[in-house]
Amino acid sequence: MFCLLPFVKAEKARFNQFYTISSAGGAASKLPLAYAEFGSYSPDGNQMALTFRTQAGRNWKRYRGGWKADIYIFDFKTLSSTDISAGEIAGDEYPMWRGNFIYFLSDRGSDQRMNLWSYNTTSKAFEQLTHFADYDIHYPSLGPDDIVFEDGGKLYLYSPDTKQLKDVKVNVVTDESALKPKLVSADKNIEHIDISPDGNRVLIEARGDIFSLPAENGFVKNLTQTSGIAERYPAWSPDGKNIAYWSDASGEYELWFMQPDKPNSAKKLTAYGAGFRYNLFWSPDNKKLAFIDKAANIKIYDLTTEQTTDIDKALRFSHGNEEGFTFSWSPDSRWVAYTRDLENQHYGAFIYDYQNKTLHQVTSGFYNANNVVFDPEGKYLYLVTGQSFNPSYSDIDNSFIYANSRQIAAISLQKNTASLLYAKNDTVSVKDEKKETEKPKEEKTKGKKKPEVKSDEEKKSDTKPVEIDFDDIESRMVILPVGAGNYGRLTAAKGKIIYQKFANTGSAESQSSIKYYDIDKREEKTIITGADDYLLSADKQKMLLQRDNTFAVIKPEEGQKFDKPLRIADMKMTVNPAQEWQQIFTDAWRLERDYFYDPNMHGVDWNALKERYGKILKGAMTREEVDFIIGELIGELSSSHTYHGGGDIENEKHSSTGYLGVNWEADGNYYKIKEIIHGAPWDAEARSPLAQPGIKIKEGDYILAVNGVPLTTAREPFAAFQDISNKTVELTYNSSASWDGAKTAIVQTMDDEYRLRNLAWIESNRKQVEKESNGTVGYIYVPSTGVDGQSELIRQFNAQWDKKALIIDERFNDGGQIPDRFIEMLNRTPLSFVATRDGETWPWPPFAHFGPKVMLINGWSGSGGDAFPHYFKEKNLGPLIGARTWGGLIGISGCPNLIDGGIITVPAFRIYNPDGSWFKEGHGVDPDIDVEEDLGAMAKGIDPQLERAISEIKDMIVKKGYVAPKAPAYEKR
């Protein structure tokens with residue numbers, strides 16, 4: 001008896017392949033299918049109905065793009081295939097072959113729901129068998145007499161013989177242990193932190209509750225204890241009496257405050273309604289709170305008047321900008337400073353006068369300005385400004401970037417206030433003897449009076465009003481004598497400007513440091529190295545430091561140590577799973593409602609869908625089921641990039657596997673090396689351990705044992721390499737399946753052989769292109785538009801730019817970033833040529849390709865992999881060859897996490913074209929030359945898409961080839 005299983009051992013990501021393996025174990029044997037996801041044998045076993053693209057496990061509903069599943073019938077005898085879904089725009093999933101019928105799921109019906117369909121292999125007719133309208137069918141399975149599937153949280157049986165449908169009554173006797181309240185540690189779910197005004201305690205938001213922790217000694221207390229409610233962004237008032245935070249106890253996130261030392265003191269302050277709000281910033285007088293919301297509205301809430309003032313609005317903010325948004329209040333609580341984006345996409349500094357309700361722009365935006373902060377005396381405004389421009393030149397081509405451009409600056413708030421860098425002059429101090437003799441006698445006594453404790457009102461009266469001359473204020477900026485670099489998290493204490501210094505771009509350093517600028521001595525000093533973030537206490541005497549998921553309170557002084565971490569492991573809370581799951585579900589629904597790019601939610605009734613999927617939620621028994629329901633809910637938006645996962649789920653045990661970078665072949669009782677995988681000769685980054693110098697194991701040799709343990713075909717070869725990835729191992733080998741004369745070799749295993757196989761595939765294609773074009777055409781594979789794709793494009797382009805033509809292969813491109821730079825590189829045109837007396841001429845710009853190009857695409861290319869061919873086509877760089885792409889350019893830019901550490905993504909922006917039309921979401925980029933995947937040809941080792949690209953580009957060289965001009969004749973001058 002043999003089992004069919006999908007398996008990934010391919011040269012490219014994003015698809016699986018089929019192998020058979022004995023149910024008793026042993027060697028796996030690959031079927032002659034280049035790609036395969038779900039399949040079902042014909043009754044005689046000579047054919048298979050299969051899909052090789054699939055959206056199963058993905059939640060994009062009503063999807064019609066290039067990654068949709070078609071059902072193919074593959075004939076193992078003739079190695080040929082037929083697409084029975086040809087011409088259908090909907091996807092067909094999960095083929096199940098029984099008799100003369102192939103059963104499958106499809107949303108091709110008028111209800112656009114995944115329902116059960118059949119295909120008659122004799123008449124070629126399709127028939128819809130079920131008509132579910134509210135929910136999609138999932139995970140069908142064919143048995144001897146029935147097909148079982150799930151829909152709407154229920155199980156159903158469909159009889160192919162009677163065409164009758166019945167629901168399955170399931171009665172599970174369980175103690176519902178997963179639903180019982182449980183005591184958990186919240187230390188792995190920390191989201192936001194704050195430090196008390198004196199630095200003696202710390203607030204931590206974790207798993208939707210707010211905890212109070214001692215800086216060193218004392219108790220850890222859960223202040224909120226609300227399993228089904230989320231409290232976020234706690235902020236301690238400067239007088240230490242109150243804590244402000246956001247809570248969804250009312251059904252939406254509203255502003256609340258409590259007195260931490262008084263139970264049941266929590267009080268709701270606002271009734272804003274729908275929307276998400278971020279970090280809260282108290283004014284020094286404890287009367288006002290500044291914050292920004294998800295729509296980038298900048299606001300102040302006044303606790304005295306219970307009124308909210310809208311003071312400004314950012315232009316292009318997304319979640320990350322809003323999460324990191326900061327305010328700085330002046331010492332007298334009249335002014336609040338912040339930075340936001342401007343029309344030129346620089347950031348500008350602003351100060352709002354709360355007393356007169358007027359807004360002032362401090363910096364013009366000619367340069368970037370960030371992290372503005374008032375100094376404690378109200379004389380200066382400190383900020384980070386981007387005014388240093390030192391190009392870093394590429395080693396690869398003629399491009400350059402401007403990194404590490406930030407500097408720390410200070411602005412005098414009044415015209416008559418000296419610059420922070422005023423010219424110093426040492427003077428002689430002259431004593432006034434008359435005044436000295438007139439001093440009161442009590443001041444000359446040795447005893448000292450105890451410091452007088454002042455009330456809040458007295459402290460307020462001691463605070464001097466801050467006056468600001470806005471006239472020509474930016475011209476009073478001075479750059480501090482601290483080297484340009486990457487700075488952030490600016491704060492200020494008496495005599496100090498404190499900041500976080502990140503490693504410079506391009507440096508070997510990786511750690512960031514907390515430093516301060518000593519205003520009097522005019523020098524930089526290091527508080528601590530190895531810090532991810534920090535917060536300064538309101539009294540400026542302590543700071544809360546974060547390092548990974550550990551925290552400590554230290555002093556803002558030179559040479560501090562991280563030696564007294566907070567006891568976050570003591571943050572215990574009781575979780576009621578059902579209550580928490582309801583909150584998580586509601587949060588997911590709210591986040592999509594608030595952050596989705598289209599306020600009309602693509603025309604779906606979002607409120608009705610909450611109710612519909614909320615019914616299924618009531619039956620959820622595990623966090624995994626909750627995640628599935630959330631995926632179904634957000635999938636109703638029919639948009640790309642609606643992902644979900646994580647949270648308090650059961651984690652499987654994973655075991656690493658070592659690899660040798662070979663293809664194995666079973667031969668009798670032992671395995672031999674069928675093939676040692678090789679990239680190009682120059683691909684030194686990844687080589688098989690058996691291809692290393694001095695290793696004598698060759699193709700055809702048998703591997704008899706690993707570390708002395710016999711390796712036989714009774715089990716898969718990879719079983720012998722479990723838990724020995726990237727380890728030194730001893731291999732016993734021989735040229736025959738015999739222990740007589742066997743030898744040993746010492747090698748180091750690989751922890752992953754994907755890169756090696758990918759390089760081998762790239763090199764195989766490059767050599768084929770080189771051979772069939774007589775060396776005139778280059779081949780470049782671009783796996784993504786992220787970092788690896790950026791690296792691969794420049795790596796391969798730089799070596800082949802001088803070819804007469806290029807084939808750009810972006811099949812299976814898994815996206816990443818918007819690839820404008822890719823197009824820039826491929827679209828360079830000749831500006832001039834350089835002639836010398838003795839050498840050959842060369843073009844300018846150098847490393848530019850001016851000849852014809854084609855691009856290969858397919859249905860696995862998506863997101864940035866959609867944008868790349870779309871831009872390639874828009875710029876007329878050449879024809880697109882292959883199959884339609886995924887069709888997903890509604891992108892994501894972050895959103896808040898779910899309280900138990902789970903995540904969802906919200907498609908927050910959509911790409912549209914210069915002509916004002918949307919990119920074809922859910923359709924993809926159409927090829928100019930349509931060449932679908934041919935399973936039959938690929939089973940014979942032929943890549944029909946690459947073959948067509950080679951044929952096309954050779955023709956283009958003849959018809960549209962580029963010939964560089966010859967240098968003109970020398971002049972008489």
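Which residues does T226 touch, not counting residues up to four places away in sequence? Keep that in mind while you get your bearings. The model on your screen is predicted.

**The whole chain**

The chain has 973 residues, and 50% of them count as buried. Its C-alpha trace spans about 115 × 100 × 70 Å along the principal axes. Strands and helices number 63 and 13. Take the contacts between residues at least 6 apart in sequence: 56% of them join residues at least 24 apart.

Now colour by pLDDT. The chain mean is 95, and 96% of the residues reach 70 or more. Select residues 441-447, where the pLDDT is below 50. Beyond near neighbours in sequence, that stretch has three contacts in the model. Where pLDDT is low, the predicted coordinates should not be read in detail. Move on.

Select T226. It sits in the loop between β20 (221-222) and β21. Its contacts, leaving out residues up to four places away in sequence, are G208, D209 and E231. Is T226 buried or exposed? T226 counts as buried, because its relative accessibility is 17%, and the cut-off for buried is under 20%.

Next, show β21, β22, β23 and β24. These four strands form an open sheet in that order, with antiparallel pairing. β21 (231-236) and β24 (267-268) stand at the edges. Each has a single partner strand, so one side of each lacks a neighbour in the sheet.

Zoom in on β23, residues 254-258. Strand β23 pairs with β24 in the antiparallel sense over two bridges. Pick F257 and look across: K267 in β24 stands opposite.

**A hairpin**

Jump to residues 533-536, strand β43, and residues 543-547, strand β44. The two run antiparallel and are joined by four bridges. Highlight L535; its opposite residue in β44 is L544. β43 and β44 form a hairpin, with six residues between them. In the turn, stop at K540, which has a positive phi of about 70°.

Select R62. It lies in the loop between β5 (47-51) and β6 (72-75). R62 counts as partly exposed, because its relative accessibility is 22%.

Then select A296, in the loop between β26 (288-292) and β27 (297-302). A296 is not a glycine, yet its phi is positive, about 70°. How does A296 sit, buried or exposed? A296 is buried, with a relative accessible area of 4%.

**A helix under cover**

Go to helix α11, residues 864-874. Eight of its eleven residues are buried, so this helix is mostly covered. Select the buried ones: G864, G865, D866, A867, F868, P869, H870 and F872.

What covers the buried residues of α11? Show β55 (805-809), α10 (820-826), β58 (853-857) and β59 (880-882), which are among the covering elements. Just after the helix, click N876, where phi is positive at about 55°.

The peptide bond from W844 to P845 is cis, with omega near 10°.

**Inside the protein**

Last stop: empty space. Rolling a probe the size of a water molecule over the atoms shows where empty space is left. How many cavities of 30 Å³ or more does a search of the whole structure find? The search finds three. The largest cavity has a volume of about 50 Å³.

- Q55, R58, N59 and W60 are among the lining residues.
- S639, S640, H641, T642 and Y643 are also part of the lining.
- W886 belongs to the lining too.

Colour the lining of this largest cavity by residue type. The lining divides into three nonpolar, six polar and one charged residue.

Conventions
Residues are numbered from 1 along each chain as its sequence is written. This is a predicted model: local features need pLDDT of at least 70, side-chain atom pairs count only at pLDDT 80 or more; totals for chains, interfaces and linings use all residues. Side-chain values use heavy atoms; hydrogens and water are left out. On a 1 Å grid over the protein atoms alone, a cavity is a set of points where a 1.4 Å probe fits but cannot get out, and a pocket is an open set with protein on both sides within 12 Å along at least five of seven lines; lining residues have an atom within 4 Å of a point. Grid points are joined across faces, edges and corners, and a volume is the space filled by probe spheres set on the points. Ala, Val, Leu, Ile, Met, Phe, Trp, Tyr, Cys and Pro count as nonpolar, Asp, Glu, Lys and Arg as charged, and the others, Gly among them, as polar. Two strands pair if DSSP finds at least two bridges between them. pLDDT is the predictor's confidence in each residue, from 0 to 100. Contact means heavy atoms within 4.5 Å. Buried means under 20% relative accessible area, exposed over 50%, partly exposed in between (1.4 Å probe, protein chains only).
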